[in-house]
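Hello,

Here is the structure I promised to pass on. Please have a look at it first; my notes on what turned up follow below.

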Amino acid sequence: MSTTQMPRADAVNEAGGRAYALSPRHALAQLAATGTLNGVFYATGQDQLDTILRLAGEVGDNSYLAKLALYARERAFMKDMPAALLLLLSRRDPALFRRAFPRVVDNGRMLRTLFKMLRSGNFGRRGLSHALQRAFQRWLNEASVGALLSASIGNDPSLRDVLRMARPTPPDNARRALFGFLTGKPVESWAPAVPDDLPEQVKDLAAYRRAETEDEQVAILARLRCRWDLLADAARGPAVWKGIARQMGAQALRMNLNTLVRHGVLDDPEMLDYVVARLADEDEVRRARQFPYQYLAAFLNADGAVPAAVRNALERAAEVACGNVPVLPGPVVIGVDVSGSMSSAITGTRGRVTASKMRCVDVAALFAIAVLRRNPGSVVVPFDTQAHPFAVEPGESVLAVARRLATFGGGGTDCSIPLAVANANLGGRPFAGCVLLSDSESWVGTGRSGATGVLAEWEKFRGHLLALHAGRLDPKLVCIDLQPYVTAQAPDREDVLNVGGFSDAVFEVVAGFLRDDGRGLVEAVEAVEL
């Protein structure tokens, strides 16, 4: 395609550069897969919410909103965005809301997130409508005892707040006593229920909290199964903490290493071996479909007292987790944005509080190395307004490579750089395409005839590959956006995919697109079954 035939950029991105506007459906999906309603480099949480409300009005298709809520929760593993979409559905289509509710609100934390959003007043009401109240009541009456106990962890709002507003009618005395216990009401107000009506699990938890000695708590732990954070505040010593650690899943262990250190769990050689074995269990890593960046998060958050054996286990687990990244149809050029805006937290900030130590550049680096590991022959190009020389050292671990890759740059953004490097230096190699990992806020460098620099360099790259490998290659450009913005550096078309997010769902969409399944992000959402 000549430069005069390339579509002109029709939007300006948040950084002030040329861009292409995503369609309302695509933009809403982009926000749903990346947005946390926290502040990001170029937008506040309120900006994101205002954009969501506007786009949802433009989309108009309630079925699409329901499918997007399910995609955001079940595939992208988001919390705030699916809750926001569900609240929109509660006003626009109560029938679809009822169908989507149990799949979006799949645990107590999601119930409380939905309740908090409702009380914010941003969705047209602060109280429970009939449809919302019935949905809350159904969840509270049908949830397992363990799910309700887990839901009681945390405040703002607390489960007590939810119960007071939802006002569920208990189906029996066991549930009536449980609600009384969870809301802290005096026992006499539970009538006709009495303490003996409490489920055994709750009786054991209450006994554990009342226990005066370490030995008593250890004995109760032998029969008590509940989330570790319900037990932590009342734990009376190291022996109890060791028992708690043995009840934690691998993910809880990974996320609470500093807590285990603080309570002396890892001072015990037997417990240290146990934790190391759980973290690095290859079968468990594969079954859990954990991605490498989650182990980097644990590595970054681990304080200096975490033993080297545990750190090594995290590195081994990250290598195994690379196997959860799909094999692409061939080697690709991998552009990793290391510009200044990529130093912001991947989940944004709440006021002045950073929601995560994981930065956008950390996730981009891990994704890049995971793709490289699974697709030999690929080339990684770190960039800001220039390309940075980079090579993987023999025997270097995934986490070590990612940490080194994330130290580059910090300047402006020119997303065309990796393609320009490939055009100048890698012309004869049979690439399946290019993968750009960025926040897509390119503002330095422009293409001719009003196109973006990315599109201009992509046309040159693709044209050269087709000329050299006609009939054997169908190169594709994949732009993975890690932040909740609504423009792109190349327009959607048969050879260009724009996809947002930082979960395994991204790789599934990417792999399918490169295999010519004809599905982009919007199509992936529309394929969700209600």
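Let me begin with a charge over a ring: arginine 25 lies over the face of tyrosine 64, at 4.6 Å from the ring centre. For this I ask that NZ of Lys or CZ of Arg be within 6 Å of the ring centre and within 35 degrees of the ring normal. Arginine 254 does likewise, with its charged end over the ring of tyrosine 295, 5.4 Å from the centre.

A word on the ground rules. This is a predicted model, in which local features need pLDDT of at least 70 and side-chain atom pairs count only at pLDDT 80 or more, while totals for chains, interfaces and linings use all residues. Residues are numbered from 1 along each chain as its sequence is written, and side-chain values use heavy atoms, with hydrogens and water left out.

Now the aromatic rings. Rings of Phe, Tyr and Trp (its six-membered ring) pair if their centres lie within 6.5 Å; planes under 30 degrees apart are stacked, over 60 edge-to-face, and the rest tilted. The count by this rule is 10 aromatic pairs. In one of them, tyrosine 42 and tyrosine 485 have ring centres 6.0 Å apart and planes at 70°, so the pair is edge-to-face. Tyrosine 42 is in the loop between helix H1 (24–34) and helix H2 (45–59), and tyrosine 485 is in the loop between E8 and E9, 443 residues apart. Helices (H or I, at least four residues) and strands (E, at least two) are DSSP runs, numbered from the N terminus.

Are these two tyrosines buried, exposed or partly exposed? Tyrosine 42 is partly exposed at 26% relative accessibility, whereas tyrosine 485 is buried at 1%. Buried means under 20% relative accessible area, exposed over 50%, and partly exposed in between (1.4 Å probe, protein chains only).

Tryptophan 228 and tryptophan 241 make a tilted pair, because their ring centres are 6.3 Å apart and their planes at 55°. Tryptophan 228 is buried at 18% relative accessibility, and tryptophan 241 is buried at 4%. There is also an aromatic cluster formed by Phe97, Phe101, Phe115 and Phe136.

On to the strands, which pair if DSSP finds at least two bridges between them. Three strands form an open sheet in the order E1-E2-E9, with antiparallel pairing. E1 (11–12) and E9 are the edge strands with a single partner each, so one side of each has no neighbour in the sheet. Strand E2 (residues 18–21) is joined to E9 by two bridges, and tyrosine 20 stands opposite alanine 488 in E9.

A cavity is a set of points on a 1 Å grid over the protein atoms alone where a 1.4 Å probe fits but cannot get out, and lining residues have an atom within 4 Å of a point. Grid points are joined across faces, edges and corners, and a volume is the space filled by probe spheres set on the points. The whole structure holds three cavities of 30 Å³ or more. The largest has a volume of about 70 Å³; of its 14 lining residues, Ser442, Val444, Gly445, Gly453 and Gln489 are the closest to its centre.

Best wishes

Definitions and conventions: 1 Å grid on protein atoms, 1.4 Å probe; cavity = no way out; pocket = protein on both sides within 12 Å on 5 of 7 lines; lining within 4 Å.
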